[in-house]
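User: I would like to go through how the terms for this model are applied. Please start with contacts.

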Number of protein chains: 2
Amino acid sequence: MTQPSAAPIRFVLFQPSHPGNIGAAARAIKVMGYHELVLVKPEQQHPQAESRARSSNARDVLLNARVTETLAEAVADCGLVFGASARRRRLNWPEYNPRQCAAEAIHAAATKPVAIVFGNEQAGLTNDELNLCNGLVYIPTDAEYSSLNLASAVQVLAYECRVAEDIPDPRPEPESPNASSEDIELFYSHFEQVIVNSGFLNPDNPRNLMRRVRRLFNRVHLDENELNIMRGILSSVDPAKRVEPRD
Amino acid sequence: MTQPSAAPIRFVLFQPSHPGNIGAAARAIKVMGYHELVLVKPEQQHPQAESRARSSNARDVLLNARVTETLAEAVADCGLVFGASARRRRLNWPEYNPRQCAAEAIHAAATKPVAIVFGNEQAGLTNDELNLCNGLVYIPTDAEYSSLNLASAVQVLAYECRVAEDIPDPRPEPESPNASSEDIELFYSHFEQVIVNSGFLNPDNPRNLMRRVRRLFNRVHLDENELNIMRGILSSVDPAKRVEPRD
């Protein structure tokens, strides 16, 4: 097998229902030069005969697809995570069109894998999954008929990534790579613990506080340096760790 | 039914083999706001149950699809015709990427329908079909695995057209609309007759002469005024019609 030359863009299907769509998605990404397919809790055991049939000669991508229990596992090592969504949400979440998403994805993929997450055919992505995303990507559709097939959505994004790879990006490589999704999750746990310790967050009545915190930090794409600084600040202010000054 | 607001872009499948692809193509275009699907000599009678299943709620587009015997019929009233092709040809044919194709298509669709023609799943488009096209559109793919599914190819082009509709085009509307494909065919017949009459083309040994003539004029997208001028010139020089000057 030859080494894939494309950027490390990972296509993640969250709880996909239809094996046919999984096979077609494998083909859709391979034809654009990508190889990383991850299935989070597929509804039927993977792989099914229909997936194989629809994958055509992308069977290698299909059979190498990683299957995970959670979305957090699927994107743990990623420096940037996009959630693909058909419906426009009212949440104050950063929105990208496919072209913008692809440009950001290819730029960030220079330092760490980038994930694009696609929701279940019926349910899409819920807020729990969006909490792990840095931004949403909307594929424009007709206002009255917006039912884009799952594999078609994967095809459009894979195509835009493929095209973006050929467009020169004038931005210099980042000084420090984006922090990984896994490290960001540890940061949020730490953050939550500190504001519980400080009495700001009541664990019995958390409201939407951590969701708001996540939304804020997901939007700014913390790099590794920034994350270390924030972790240091959290430790320094944690009342549970505070050493009473000596007299 | 509400009036479609999108530009008159016609998606033409030439001799499609798989009913599933026809249904998926109907869905792919409708989701981007387009409604015109034409099938040229589908291998199986249209519509099949599998087409219906894959079309989802785009059944209206599927069932309204026009079926024709020839590609010429399918594109007769079009002012611009693109042939979608996966393989790069050595012919000297104008090439567009999907984004360029979409920009040209939306611009030209202001005056006449525009067709994008997709070849059979295995055979693609042959030179006979390309003779009716003003240009080729190539969807970029991986160099080693370029087997793009037919409905996926339709999805990428429909998506690019949808996006192009939202991008302001600084070019003014053309002074005269592009000539229709049907009128261009009449012009080629006329042209051929005149050079047969003049002795330049030997009907028993036509070589590739008319193909070269077609390629030249297809490239320049004759508008209606230009076509009328060319027809007038042809008539004026036709030896069969020349009236010997009186003494």
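Analyst: Two residues are in contact if their C-beta atoms, placed from the backbone, lie within 7 Å. This is a predicted model, in which local features need pLDDT of at least 70, side-chain atom pairs count only at pLDDT 80 or more, and totals for chains, interfaces and linings use all residues. Residues are numbered from 1 along each chain as its sequence is written, and chains are lettered from A in the order in which they are written.

User: What share of the contacts in chain A with a separation of 6 or more comes from residues 24 or more positions apart?

Analyst: Such residues account for 85% of those contacts in chain A.

User: How do you know which residues form domain 1 and domain 2 of chain A?

Analyst: The bounds come from an automatic or database domain assignment, which gives 9-165 for domain 1 and 181-237 for domain 2 of chain A. Their centres, taken over C-alpha atoms, are separated by 27 Å.

User: How many residues of domain 1 of chain A are in contact with domain 2 of chain A?

Analyst: On the domain 1 side 14 residues are in contact with nine residues of domain 2 of chain A.

User: Why does the radius of gyration of chain A agree with a compact globule?

Analyst: The radius is taken over C-alpha atoms, and the globule rule is 2.2 Å times the number of residues to the power 0.38. For 247 residues a compact globule would have a value near 18 Å; chain A has 20 Å, so the two agree.

User: What makes a residue buried, and what percentage of chain A counts as such?

Analyst: A buried residue has 20 or more other C-beta atoms within 10 Å of its own, with C-beta atoms placed from the backbone. Of the 247 residues of chain A, 42% count as buried.

Terms used. A residue is buried if 20 or more other C-beta atoms lie within 10 Å of its own, exposed if 12 or fewer, and partly exposed in between; C-beta atoms are placed from the backbone.
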